[in-house]
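Hi,

Here is the structure I promised to pass on. Have a look when you get a moment; my notes follow below.

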Amino acid sequence: MNEGKPTQDPPTGTGYTESAPEPATAGGRAEGDYALERPTGADGRSVDGTDGDFLLEGPSGADGPAGGEPVAAAAPAQAASEVVSEASAERSVPLHDPDPYNTPPYGEPGPWAPAPPVQHPAATPAHGTPLPVPPAHESLPPAAPGPGPVVPAGPVVSGPVVPAGPLPGPAASAGQPFGPDASVGQPPVPGTPAGAAPASPAAAASTAPGASPSTEHAPGAPTDPWRRYDPWAVARSAPLQHNGAGAENEQRRRRRRRGGVVGAALALALVSGLVGGAVGVYLERNGGVGGIELPQAGKEPAGRAPDSVAGIAARALPSVVTLHVSGSESAGTGTGFVLDTRGHILTNNHVVEPAGGDGVITVVFNGGQTADAEVVGRDAGYDLAVVKVTGVKGLRPLPLGNSDNVRVGDPVVAIGAPFDLEGTVTSGIISARERPITAGGEKGDGSDVSYVDALQTDAPINPGNSGGPLLDSRARVIGINSAIRSADGGSDSDGGQAGSIGLGFAIPINQGKRVAEELIDTGRATHPVIGITLDLDYSGDGARVDDRGSNGGPAVSTGGPGDRAGIEPGDVITSVDGQRVHSGEELIVKTRAHRPGDRLELTLERGGRQRKVSLTLGSSGGG
């Protein structure tokens with residue numbers, strides 16, 4: 001915008017009109033746009049020969065002719081014009097050198113030229129709405145034309161509107177009034193709003209030279225809205241468009257809002273996907289948020305089926321005890337079980353043997369109660385012993401089963417204190433019945449050798465299990481754990497330190513019951529005998545009768561069961577009650593599996609011929 005700013009010279013030397021003069025108002029005062037003109041000489045150049053500052057002259061008042069025609073003025077106005085002309089002539093040197101580049105925003109002569117200030121006579125409403133017109137006063141007679149420059153009439157050019165008001169210049173600096181309708185010593189004529197501009201080019205053309213004064217605005221007529229236009233005022237109703245583009249319509253704004261919503265939704269979906277993926281990876285790698293809680297079964301009833309291992313152990317453990325034996329030469333640990341409420345406990349002979357005659361035996365019950373025990377009786381041939389505790393209440397005897405009812409494959413449970421781990425429960429099956437075994441023999445004279453027609457089981461039996469019960473599925477005792485087959489190939493009682501390899505042996509409870517009763521009643525056990533001496537070094541199949549007895553006497557006891565049955569030295573016994581025997585040890589085992597007085601059927605060979613004999617077992621005192 002170039003309101004109120006000097007304009008560049010035209011290419012020719014003549015003056016030109018930027019815009020048409022403003023028509024005179026009803027009050028006789030012209031304000032608004034006015035032409036700019038440099039003083040020129042006859043050759044079209046400026047009077048002082050240089051380009052630079054030049055004077056401004058407003059249009060004439062209402063009483064004078066419109067346009068750039070000279071108007072007669074009062075003497076003071078003419079004098080003021082002469083002073084301005086003289087001051088312009090005196091300032092022949094420009095304030096600056098010509099600008100060959102036409103530097104914006106003003107162009108030639110350059111941005112350093114002082115621009116006329118914009119006058120704000122009053123507050124202007126939005127879009128230049130005119131304010132109420134003050135009361136009109138008598139207009140002054142038009143000023144006589146002075147010697148100053150006169151704006152010539154020319155083609156009407158639409159241009160910026162110059163606000164009315166005093167302009168700087170030589171006349172102003174001299175203290176003289178300057179501007180349209182300026183009179184020396186007289187105030188401005190009221191009646192017309194300052195800064196009014198032509199409403200249209202037609203209106204501007206009507207103010208050209210020779211136009212009739214009838215085109216002036218009369219009092220009370222509609223006022224041109226551009227008369228009070230202020231280019232520097234801030235618009236109140238519509239925003240300024242710096243790029244010149246019009247305000248966005250509602251459809252474009254709606255489209256932009258819709259695009260923003262779609263973009264926000266896409267961004268939200270992207271962020272949600274990323275967060276969800278990160279959370280999923282974290283949960284997959286860590287199993288969850290927070291501390292790890294592993295799945296676990298809920299609490300169940302403590303009771304178990306009576307025939308289960310747990311049920312059998314629950315009923316049998318209160319009747320099983322651990323024996324700690326110490327003597328002058330050795331000590332050991334074994335197991336036993338309660339036979340009756342009087343305090344009798346059955347165990348193995350090799351368990352209590354270290355105590356001797358002056359050792360100590362301590363019994364520890366399943367509930368932790370302890371008591372001292374004494375030996376009631378023991379027998380090395382059967383490897384059984386009975387001890388007794390006193391002063392103990394609440395004893396629970398363990399029921400006894402029948403070993404003759406046991407079949408191979410029946411489930412069994414073994415309870416003991418292997419390696420002094422009391423209350424240890426293991427389970428397995430009956431692997432075999434009537435397995436002849438011998439154990440002991442550490443003394444060398446055979447007095448400590450036990451002959452057992454044992455039950456074989458694969459239930460783990462280890463050192464410390466000796467004397468413990470072997471139970472059936474009803475928690476009844478069917479055997480007394482006694483020996484194991486160790487990995488070194490030997491067979492001995494489990495008092496050794498060899499571990500279980502699944503070959504355990506137990507004394508049948510039927511034999512154990514008879515021996516225990518004898519030990520409780522008499523302190524000694526009786527052994528069934530045939531009354532013969534066997535050759536244990538015989539390597540053939542069967543049990544051979546030795547030629548002489550152990551003490552140098554006869555091999556067949558005179559008047560004994562064998563002598564009465566007709567057995568002779570050198571006979572080979574091959575079966576007992578129809579069961580094959582392969583050695584002298586097996587014949588002893590089979591014999592001791594019976595009670596004294598039982599009848600046996602023997603098959604023997606003599607001189608290559610077989611014969612069968614029948615005899616009644618005798619008895620001998622045990623040791």
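**Salt bridges and a buried threonine**

There are 14 salt bridges in total, and please keep in mind that this is a predicted model.

I would begin with Lys590. Its side chain forms a salt bridge with that of Glu434, at 3.8 Å from N to O. Lys590 belongs to helix H9 (residues 584-592) and Glu434 to strand S8 (residues 424-439), so this pair ties together parts that are 156 residues apart in sequence. Lys590 has 8% relative accessibility and therefore counts as buried, while Glu434 is partly exposed at 31%.

Lys590 also meets Asp453 in a salt bridge, with 4.0 Å from N to O. Here helix H9 is linked to strand S9 (residues 450-457), which holds Asp453, across 137 residues. Both Lys590 and Asp453 are buried.

Next comes the salt bridge between the side chains of Asp571 and Arg606, at 2.7 Å from N to O. Asp571 sits in the loop between helix H8 (561-565) and S16, and Arg606 in strand S18 (residues 599-606), so the two tie together parts 35 residues apart in sequence. Asp571 counts as buried, with 1% relative accessibility, whereas Arg606 is partly exposed at 23%.

Elsewhere, a network of salt bridges links Glu250, Arg253, Arg254 and Arg257.

Finally, which residues does Thr574 contact, leaving aside its neighbours within four places in sequence? They are Gln579, Arg580, Val581, Thr603, Leu604 and Glu605. Thr574 is part of strand S16 (residues 572-576) and counts as buried, at 1% relative accessibility.

Note on methods. Residues are numbered from 1 along each chain as its sequence is written. This is a predicted model: local features need pLDDT of at least 70, side-chain atom pairs count only at pLDDT 80 or more; totals for chains, interfaces and linings use all residues. Side-chain values use heavy atoms; hydrogens and water are left out. Helices (H or I, at least four residues) and strands (E, at least two) are DSSP runs, numbered from the N terminus. Buried means under 20% relative accessible area, exposed over 50%, partly exposed in between (1.4 Å probe, protein chains only). Contact means heavy atoms within 4.5 Å.
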